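Work through the exercises below with the sequence and the model side by side. Try each task before reading its solution.

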Amino acid sequence: MRFIFPFFFMFLFAHAQTPYEKGKVLYMEKGCYSCHGNQLEGLHRYPKLSNRAKGFLSYKLKRFRDKISDNQQQEMMIAFAVGLSDAEIDALTTYMQEFVEEKQGKRYDTSFLLEGDGGS
Ligand code: HEC
């Protein structure tokens with residue numbers, strides 16, 4: 001038995017995630033990105049979530065989870081918040097507050113972009 005213990009702990013450490021990483025995974029798993037954007041930048045009427053106060057964001061998420069919304073626009077958040085646990089909200093809001101954009105190099109090939117000719 002005592003030979004197994006070190007491996008058990010190695011396994012635990014290998015899978016230990018920071019709240020930030022957990023939040024990142026949840027953000028993708030729960031589909032938050034589809035409205036709020038991959039970079040949490042927001043889109044149209046969907047608010048930007050990056051680098052905003054954790055206290056405010058969790059206050060809002062818990063309200064949505066309790067099915068409280070202030071206007072019709074916010075109603076659509078309820079479906080995405082009802083299933084969240086306190087721990088998940090904590091991880092998600094940590095991710096949002098501390099969000100750092102990952103620069104993965106160029107995402108688009110812009111070498112064919114014709115600039116300044118109006119695109120014709
Ligand atoms: C179907 C689109 C959609 C999805 C998916 C979605 N949201 Fe939202 N979210 C909204 C809308 C709309 C609002 C409210 C905007 C307003 O107040 O007018 C909102 C508001 C919020 C707010 C409050 C921000 C503020 O400024 O009041 C938070 C926090 C939030 N969403 C987090 C999340 C998280 C976390 C997820 C994933 C579990 C998620 N959202 C998924 C559309 C979406």
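Helices are DSSP runs of H or I with at least four residues, and strands are runs of E with at least two, numbered from the N terminus. The model is predicted, so that local features need pLDDT of at least 70 and side-chain atom pairs count only at pLDDT 80 or more, while totals for chains, interfaces and linings use all residues. Residues are numbered from 1 along each chain as its sequence is written.

**Exercise 1.** Find which helices each supply at least two residues of the shell around the ligand.

Solution. Begin with helix 3 (33-36), helix 4 (54-65) and helix 5 (72-81), each of which supplies at least two residues of that shell.

**Exercise 2.** Determine which residues of helix 4 are buried and how they are arranged about its axis.

Solution. A residue is buried if 20 or more other C-beta atoms, placed from the backbone, lie within 10 Å of its own, exposed if 12 or fewer, and partly exposed in between. By this rule, S58, K60, L61, F64 and R65 are buried in helix 4. Seen down the helix axis, these buried residues fall within an arc of 160° (taken over the directions from the axis to the C-beta atoms), so they line one face of helix 4. The face turned away from that buried side carries the exposed residues G55 and F56.

**Exercise 3.** Locate Y46 and decide whether Y46 is buried, exposed or partly exposed.

Solution. Y46 lies in the loop between helix 3 and helix 4. Because Y46 has 16 C-beta neighbours inside 10 Å, Y46 counts as partly exposed.
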